[in-house]
Amino acid sequence: MDRDESRRIVLEALLDVAPDIDEAQLDPQSSLRDSAELDSMDFVAFVAALSETLGADIPEDDYGQLDSVALATDYVVNRG
């Protein structure tokens with residue numbers, strides 16, 4: 001899976017949880033909890049949406065690798 005497709009998957013999962021987010025305003029390096037104003041429940045819902053899209057469980061130990069759009073994109077590329 002290429003980087004563009006992975007980023008699209010991450011953004012779609014994020015928009016499923018927080019549809020009011022303006023993706024153009026998101027800093028890809030900033031924490032989703034800060035830049036997208038996700039609380040802990042929203043973040044877990046984001047991980048669940050991403051997991052469903054990927055068709056694979058995402059272990060809780062990997063949650064730190066999903067903290068920003070850039071990190072989540074890298075994670076999806078590597079899970080490919």
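Colleague: Which residues of α4 are buried?

Modeller: In this predicted model, the buried residues of α4 are Val 69, Ala 70, Ala 72, Thr 73, Tyr 75 and Val 76. Buried here stands for a relative accessible area under 20%, and what covers these residues of α4 includes α1, α2 (32–35) and α3.

Colleague: Why are α1 and α4 called oblique to each other?

Modeller: The two helices, α1 and α4, pack at an angle of about 120°, with their axes 8 Å apart. Angles of 65 to 115 degrees count as roughly perpendicular and those over 145 as roughly antiparallel, with the rest above that perpendicular range being oblique, and α1 and α4 are therefore oblique to each other. Their crossing is right-handed.

Colleague: What makes up the contact of α1 with α4, by class of residue?

Modeller: From α1, Arg 3, Ser 6, Arg 7, Val 10, Leu 11 and Leu 14 meet a set in α4 that includes Val 69, Thr 73, Asp 74 and Val 77. By class, this contact has 8 nonpolar, 2 polar and 3 charged residues.

Colleague: Which residues have the most contacts inside the largest nonpolar core?

Modeller: That core has 23 residues, and those with the most contacts inside it are Leu 14, Leu 38, Phe 46, Leu 50 and Leu 66. The elements that give two or more residues to the core are α1 (3–17), α3 (40–54) and α4 (69–79), and α1 gives the most, with 6 residues.

Colleague: What is Leu 38 in contact with, leaving aside its neighbours within four places in sequence?

Modeller: With those neighbours left aside, Leu 38 is in contact with Leu 14, Val 17, Ala 18, Leu 32, Arg 33 and Phe 43.

Conventions:
Residues numbered from 1 in each chain as written. Predicted model: local features only at pLDDT ≥ 70, side-chain atom pairs only at ≥ 80, totals over all residues. Heavy atoms only, no water. Core = buried A, V, L, I, M, F, W, Y, C linked by side-chain atoms within 4.5 Å. Buried < 20%, exposed > 50% of the residue type's maximum accessible area, 1.4 Å probe, protein only. Helix = DSSP H or I, 4+ residues; strand = E, 2+ residues; numbered from the N terminus. Contact = heavy atoms within 4.5 Å. Axes fitted to C-alpha atoms, helices over the stretch in contact; angles between N-to-C directions. Parallel < 35°, antiparallel > 145°, perpendicular 65-115°, else oblique. Left-handed = near helix turned anticlockwise from the far one by under 90°. Nonpolar A, V, L, I, M, F, W, Y, C, P; charged D, E, K, R; others polar.
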